Amino acid sequence: MDASATAWALAARTGDAVAVEHFVRALHRDVLRYVAHLSADPQAVDDLAQDTFLRALGSLHRFEGRSSARAWLLAIARRSVIDGYRCAAARPRPCDVPDWQLAVERAQPQGLPGFDDGVALLDLLDTLPDERRKAFVLTQLLGLPYAEAAELSDCPIGTVRSRVARARETLIDLLADGGTSHAL
């Protein structure tokens with residue numbers, strides 16, 4: 001899949017509309033999942049994914065294929081999320097509801113299969129140190145190869161493997177203890 005997405009990206013550099021469509025379709029789900037894990041705002045996920053693709057398509061002419069298109073695109077997604085945080089921090093968010101917590105609870109989807117499990121997993125992932133959580137999400141949830149995760153994390157592949165192994169150990173310990181342990 002990575003090779004075909006990279007081939008589509010290289011073909012899209014010349015303005016081939018079909019190649020652009022295939023490139024976006026091939027990686028859209030990965031970008032959505034990645035920004036969802038990085039972003040604290042579930043309502044911003046679609047906007048962040050769209051921003052990622054706009055940035056990528058605007059700079060596609062500079063993509064040379066030295067890395068996979070997925071690794072290149074997820075690096076752009078990471079920068080989009082960071083820029084989103086900066087933008088949100090720069091302006092206040094007014095709330096015209098008397099009980100904002102109740103409004104947030106009512107806006108959450110209800111009755112979805114696995115929703116509580118997903119929340120529990122996110123809570124467990126939040127206990128991990130940032131480097132371990134990032135390595136775990138990239139390799140175990142997004143399915144990236146360790147080499148690409150190392151490239152995105154700007155660290156050696158062995159470091160990524162170690163972080164993932166330690167994250168697994170911590171998560172297993174937390175599950176065994178009923179979520180009462182804390183990550184080291």
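**Exercise 1.** At roughly what angle do the axes of helix 3 and helix 4 cross, and within what distance do they come? Classify the arrangement of the two helices and state the handedness of their crossing.

*Solution.* The model under study is predicted.

Step 1. Helix 3 covers residues 45-58 and helix 4 covers residues 69-90. Their axes come within 9 Å and cross at roughly 125°.

Step 2. An angle over 145 degrees would count as roughly antiparallel, and one of 65 to 115 as roughly perpendicular.

Step 3. The crossing in which helix 3 passes helix 4 is right-handed.

**Exercise 2.** Determine which residues make the contact between helix 3 and helix 4, and sort them by class.

*Solution.* Step 1. Helix 3 contributes Leu48, Asp51, Thr52, Phe53, Arg55 and Ala56.

Step 1. Helix 4 contributes Trp72, Leu73, Ile76, Ala77, Arg79, Ser80, Val81 and Asp83.

Step 2. Sorted by class, the contact holds eight nonpolar, two polar and four charged residues.

**Exercise 3.** Describe the second largest pocket by its volume, its lining and the elements that supply the lining.

Step 1. Helix 4 gives the most, with seven residues.

Step 2. By class, the lining divides into six nonpolar, three polar and seven charged residues.

Key
Residues numbered from 1 in each chain as written. Predicted model: local features only at pLDDT ≥ 70, side-chain atom pairs only at ≥ 80, totals over all residues. Heavy atoms only, no water. Axes fitted to C-alpha atoms, helices over the stretch in contact; angles between N-to-C directions. Helix = DSSP H or I, 4+ residues; strand = E, 2+ residues; numbered from the N terminus. Parallel < 35°, antiparallel > 145°, perpendicular 65-115°, else oblique. Left-handed = near helix turned anticlockwise from the far one by under 90°. Contact = heavy atoms within 4.5 Å. Nonpolar A, V, L, I, M, F, W, Y, C, P; charged D, E, K, R; others polar. 1 Å grid on protein atoms, 1.4 Å probe; cavity = no way out; pocket = protein on both sides within 12 Å on 5 of 7 lines; lining within 4 Å. Points joined across faces, edges and corners; volume = space filled by probe spheres on them.
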